[in-house]
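Subject: the two-chain model

Hi,

Here is the structure I promised you. Have a look at it first, then read on for what turned up.

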Amino acid sequence: MSTIFVLLKKEFLQIFRNRAMIPLIFFMPLFQLLILSNAATYEIKNIKFNVVDLDQSYFSRELVSKFTSSNYFILNKVSFNIEEAEESFKTLDARLVVYIPKDFEKDFRTNGKSEVQFIINAEDASAAGIINNYANSITRQYNADIVTKSSVMPDKTPLLNITYSNWYNPELDYRTYMVPGILVALVTLIGTFLSGMNVVKEKEIGTIEQLNVTPIKKYQFIIGKLLPFWIIGIFELIFGLNLGLFLFDVPLLGSPLLILLLASVYMFVVLAIGLLVSTVTNTQQQAMFIAWFFMVLFMLMGGIFTPVESMPDWAQTIAYFNPIAQFNKAMRMIMLKGSQFKDVLPALNFFIVSGIVLMTLAVWRYRKSE
Amino acid sequence: MEYAVEVKSVTKSFGETKAVDDVSFSVEKGELFGFIGPDGAGKTTLFRMLTTLLLPDSGSAVVDGFDIVKDYKKIRGAVGYMPGRFSLYQDLSVEENLKFFARVFGTTIEENYDLIKDIYVMLEPFNKRRAGQLSGGMKQKLALSCALIHRPDVLFLDEPTTGVDPVSRNEFWDMLGKLKSEGITIVVSTPYMDEASKCDRIALMQKGKILDIGFLRDIVGKYDRELYAMKSSNMHRLILDLRAEENTDTVFSFGDFLHYTDKRGVIDKVQMKNEMVLKGHADFSVNEISPGIEDSFMSLMNGK
């Protein structure tokens with residue numbers, strides 16, 4: 001026990017002597033939260049659109065005004081020629097053309113239905129999808145309005161009225177969604193990169209040689225190496241969580257203790273990955289490249305930036321075995337939905353099992369490499 | 001009598017290369033034993049096996065009464081090792097390094113202060129300085145202090161004087177002499193032949209094998225051929241000219257002189273001088289000399 005204490009003391013002395021460390025620990029979460037949570041957003045505003053209104057009726061003007069009065073669209077140009085309207089796509093002046101054919105109002109009054117066409121610039125597929133959604137919902141609303149307002153009351157007034165309500169994040173605030181994800185990325189980075197590089201550093205500088213002729217046992221060395229980063233990781237999570245709660249007004253509906261419990265076990269998994277990386281490398285540079293390779297994969301497939309549900313089936317299967325995806329999902333569940341212990345139990349079990357498997361593998365590799 | 005180190009037919013290969021090839025020797029308790037040989041002779045590999053950092057492919061060795069394979073844990077508490085490459089924490093201070101290694105061995109600086117005192121007094125002014133910012137000589141003293149802090153029975157020093165200035169080298173050997181008087185067995189390796197005279201006994205090593213082992217005077221005493229030192233103003237051409245001679249056995253350059261042996265044994269110095277003057281070496285000189293350890297090494301290396 002006292003040997004581990006000596007090792008821990010030495011480790012912390014070295015970590016805090018590293019000039020880059022303190023800024024990294026305190027500013028990294030702040031900057032990531034500030035930049036990512038504000039800059040990266042799914043919400044699209046101020047979409048410029050062109051109108052081709054061949055009908056020039058009360059109905060058509062009403063529809064256009066619905067677009068312009070929403071917060072999402074800004075009218076760029078009105079024309080009577082579709083080619084001219086589409087020109088704006090090339091210069092990116094507009095991303096949507098609303099084409100209202102002749103007899104738009106007349107058709108509605110006589111047949112009870114009429115058509116309007118949306119032409120969307122789909123260079124950016126996900127933006128196009130969102131624009132389509134906005135345009136549709138405006139039209140739907142408009143549709144409901146004129147049906148009630150107009151004198152025409154077809155006997156087939158809408159039977160089905162679809163309404164939406166966004167749960168757990170009613171304003172679709174991207175920050176609410178991003179903060180838990182960023183915290184996950186943060187503790188993962190500390191667990192894999194810092195720990196892996198720290199172990200390899202002893203090999204690279206040759207100090208491991210000197211340590212190996214001392215009575216220090218392998219398990220003491222490993223605990224002495226990994227525990228500091230476990231502590232820093234947990235500290236970082238608490239620090240980042242507080243920043244999120246008090247600076248970004250992110251809700252925390254569930255129990256903070258449950259988050260800590262989950263994070264404690266999760267850190268064990270990522271530290272095992274860090275140790276594993278260190279056993280297959282000899283220099284810090286190699287360790288960084290290997291850790292980076294896996295982190296990018298895990299991170300991009302981890303649902304932090306793009307939802308796992310929209311990935312192909314095979315990728316979703318992989319995501320199930322991706323600790324980042326599991327932790328990310330559980331963090332959002334606890335913070336935004338107030339999920340309970342039993343809800344995150346599958347993730348916890350996964351961490352325990354994968355942690356034991358990876359740590360056993362890492363320790364076995366570590367012994368062999370000696 | 002029980003030996004401090006007893007090695008029997010130890011072999012270690014890396015791929016095709018036999019780094020240590022069937023090596024046997026023993027070191028008596030309290031002895032200062034030197035391994036002398038050029039880079040790549042296998043000294044470091046041998047030391048790494050004796051300090052339990054490497055497993056031998058075959059053979060056995062006992063250090064301080066413990067088997068290097070079975071009792072490796074006990075050896076780790078009983079020996080001190082100073083690797084050839086500086087292997088302390090560069091980002092920790094002198095004091096922190098020393099304290100760390102003391103604690104790891106379950107002891108304190110105070111407990112063994114008398115042992116490292118002579119070395120440590122030279123380091124103490126730099127107590128708060130990071131190890132990475134010390135000079136080469138100081139780093140070496142710190143490394144020695146750390147290897148000694150647990151009062152080991154056997155001390156392994158792998159090329160401790162490589163890259164150290166001549167004054168520090170002499171100082172270092174003086175320190176080893178004092179440690180020896182404390183009863184510590186010291187096994188040291190060096191590529192410098194002139195350091196052989198500082199050891200009690202030496203082993204000459206080359207390509208994984210021990211060429212000869214024993215007291216310096218005995219090894220040198222086995223050199224039984226006539227040896228001549230030769231010199232002229234154009235040394236390079238002199239070597240070429242001598243090598244072209246039919247009766248020349250060996251010619252090696254040793255500092256300012258060439259060391260020469262002849263197939264006939266004794267040579268006629270006057271005749272030799274005349275021949276060389278004819279070849280344009282106007283200021284040629286030749287003298288009989290007694291052999292040194294380098295001559296022995298060269299001779300052993302060439303299987304003579």
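Met205(B) sits opposite Ile210(B), the latter in β10(B). That pair belongs to β9(B) and β10 (209-215) of chain B, which are antiparallel and share 6 bridges. Bear in mind throughout that this is a predicted model.

The turn of that hairpin is worth a click. There are 2 residues between the strands β9(B) and β10(B), and Lys207(B) has a positive phi near 50° there. Lys207(B) is not a glycine, yet its phi is positive. Is Lys207(B) buried, exposed or something in between? It counts as partly exposed because it has 16 other C-beta atoms within 10 Å, and the cut-offs are 20 or more for buried and 12 or fewer for exposed.

Arg151(B) is another non-glycine residue with a positive phi, about 50°. You'll find Arg151(B) in the loop that links α5 (136-148) to β7 (154-158) of chain B. With 17 other C-beta atoms within 10 Å, Arg151(B) is partly exposed as well.

Back to β9(B), which has another partner. Strand β3 (residues 32-36) of chain B runs parallel to strand β9 (residues 201-206), and 4 bridges hold the pairing. Within it, Phe35(B) faces Ala203(B) of β9(B).

Chain B also has an open sheet of 4 strands, antiparallel in its pairing, in the order β2-β1-β4-β5. Its edge strands are β2 (17-28) and β5 (66-67) of chain B, each pairing on one side only. At the β5(B) end, the antiparallel neighbour is strand β4 (residues 58-63), joined to β5(B) by 2 bridges. Look for Val62(B) there: its opposite number in β5(B) is Asp67(B).

For the chain as a whole, the count is 10 helices and 14 strands in chain B. Its C-alpha trace spans about 70 × 45 × 35 Å along the principal axes. Chain B has 304 residues, of which 40% count as buried. If you take the contacts in chain B between residues at least 6 apart in sequence, 69% of them join residues at least 24 apart.

Now chain A. Here the tally is 14 helices and 4 strands. The C-alpha trace of chain A spans about 95 × 45 × 40 Å along its principal axes. Its radius of gyration is 28 Å, whereas a compact globule of 370 residues would come out near 21 Å. Of those 370 residues in chain A, 34% are buried. Among contacts in chain A between residues at least 6 apart, 78% join residues at least 24 apart in sequence.

How is chain A divided? It splits into domain 1 (2-40 + 173-369) and domain 2 (47-149). The centres of domain 1 and domain 2 of chain A, taken over C-alpha atoms, are 48 Å apart.

On to the sheet in chain A. It is open, with 4 strands in the order β2-β1-β3-β4 and mixed pairing. Which strands stand at the edges? They are β2 (73-79) and β4 (117-120) of chain A; each has a single partner strand, so one side of each has no neighbour in the sheet. On average, neighbouring strands of this sheet are turned by 25° against each other, with direction ignored.

Inside the sheet, strand β1 (residues 47-53) of chain A is parallel to strand β3 (residues 96-100) of chain A, with 5 bridges between them. One of the pairs to check is Phe49(A), whose bridge partner in β3(A) is Leu96(A). Helix α4 (residues 82-91) of chain A lies across β1, β2, β3 and β4 of chain A, and it runs at about 140° to β2(A).

Last, the place where the chains meet. Chain A puts 16 residues into the contact and chain B puts in 21 residues. On the side of chain A that touches chain B, α1 (2-17) and α8 (207-212) each supply at least two residues. The most comes from α1(A), with 6 residues. By type, that side of chain A divides into 6 nonpolar, 7 polar and 3 charged residues.

Cheers

Notes
Residues numbered from 1 in each chain as written. Chains lettered and ligands numbered in written order. Predicted model: local features only at pLDDT ≥ 70, side-chain atom pairs only at ≥ 80, totals over all residues. Domains from an automatic or database assignment. Contact = placed C-beta atoms within 7 Å. Nonpolar A, V, L, I, M, F, W, Y, C, P; charged D, E, K, R; others polar. Pairing = 2+ DSSP bridges. Axes fitted to C-alpha atoms, helices over the stretch in contact; angles between N-to-C directions. Rg over C-alpha atoms; globule rule 2.2 N^0.38 Å.
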